Amino acid sequence: MPGARIDRIGIGTDSHRLEVGSPLRLGGIDIPFDRRSAGHSDGDVVLHAVIDAICGAAGLPDIGEQFPDTDPKFKGYDSRDLLRQVVERITGLGYTVANVDVVVQAERPRLSPFKAPMRECIAGLLGISANAIGIKAKTNEGLDAIGRGEAVACIAVVGLRKT
Ligand code: MG
């Protein structure tokens, strides 16, 4: 089937502590909540996991190596811009993102109303159709730091196509 080919696969994960503040940035979307993701950048675990999955698939260094959190330049940085830069890099290597599949882990807030906006946002950043983006939201059934509402995490898988 034309367009169905995948040449490379990558995986990425990320987790951040939650701290008092607002909003909670996930998948490029600002979610109204009384906690926000603590981080050097905007702490967007979804985009960070997606970026690492893309980098892994393309054979590029990981997000921490490309955008070090010791670099003041990335303080408070918008992760949507990091993703745009990574997309530019893989485009230069002759790759396009074929699909993205994401599992977001957060005990609170309830993420189901935000899955569609996250999908649209990620699709827009990647320049691909929203139906090539999968977003699943899971709680952690009260277990560990995620379950206690102290952290959020994400796992992402990305398929790349050589153009
Ligand atoms: Mg991160």
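Start with Gln66, which is buried in this predicted model. Its relative accessible area is 13%, and it counts as buried because that value falls under the 20% cut-off.

What does the side chain of Gln66 have beside it? A polar atom of that side chain lies 2.8 Å from the backbone oxygen of Pro61. Pro61 also turns up among the residues that Gln66 touches, along with Cys55, Leu60, Phe74 and Arg89, once you leave out residues up to four places away in sequence.

Now hop over to Arg36, in strand S4, which runs over residues 35-37. Is Arg36 buried, partly exposed or exposed? Arg36 is partly exposed: its relative accessible area is 34%, and that label applies because the value lies between the 20% and 50% cut-offs. Leaving aside residues up to four places away in sequence, Arg36 touches Arg17, Leu18, Glu19, Val20, Gly21, Ser22, Pro23 and Leu24. Arg36 also lets you see how the chain folds back on itself: its C-alpha atom is separated by 9.5 Å from that of Ala151, although the two residues are 115 apart along the chain.

Step back and take in the whole protein. How many helices and strands does it have? There are five helices and seven strands. Follow them from the N terminus and you pass through β-β-β-β-α-α-α-β-α-β-α-β. With that set of elements, the radius of gyration comes out at 15 Å, close to the 15 Å that the globule rule gives for 163 residues, so the protein is as compact as a globular protein of that length. Along its principal axes, the C-alpha trace spans about 45 × 35 × 25 Å.

Contacts across the sequence are worth a look too. Take the contacts between residues at least 6 apart in sequence: 72% of them join residues at least 24 apart.

Last, the charges. The protein carries 20 positive and 21 negative charges.

Technical notes:
Residues are numbered from 1 along each chain as its sequence is written. This is a predicted model: local features need pLDDT of at least 70, side-chain atom pairs count only at pLDDT 80 or more; totals for chains, interfaces and linings use all residues. Side-chain values use heavy atoms; hydrogens and water are left out. Helices (H or I, at least four residues) and strands (E, at least two) are DSSP runs, numbered from the N terminus. The radius of gyration is taken over C-alpha atoms; the globule rule is 2.2 Å times the number of residues to the power 0.38. Contact means heavy atoms within 4.5 Å. Lys and Arg count as positive and Asp and Glu as negative; His and the chain ends are not counted. The place of a charge is taken as NZ of Lys, CZ of Arg, CG of Asp or CD of Glu. Buried means under 20% relative accessible area, exposed over 50%, partly exposed in between (1.4 Å probe, protein chains only). A polar contact is a pair of N or O atoms within 3.5 Å; within protein, one must be able to donate a hydrogen and the other to accept it, and residues adjacent in sequence count only if both atoms are side-chain atoms.
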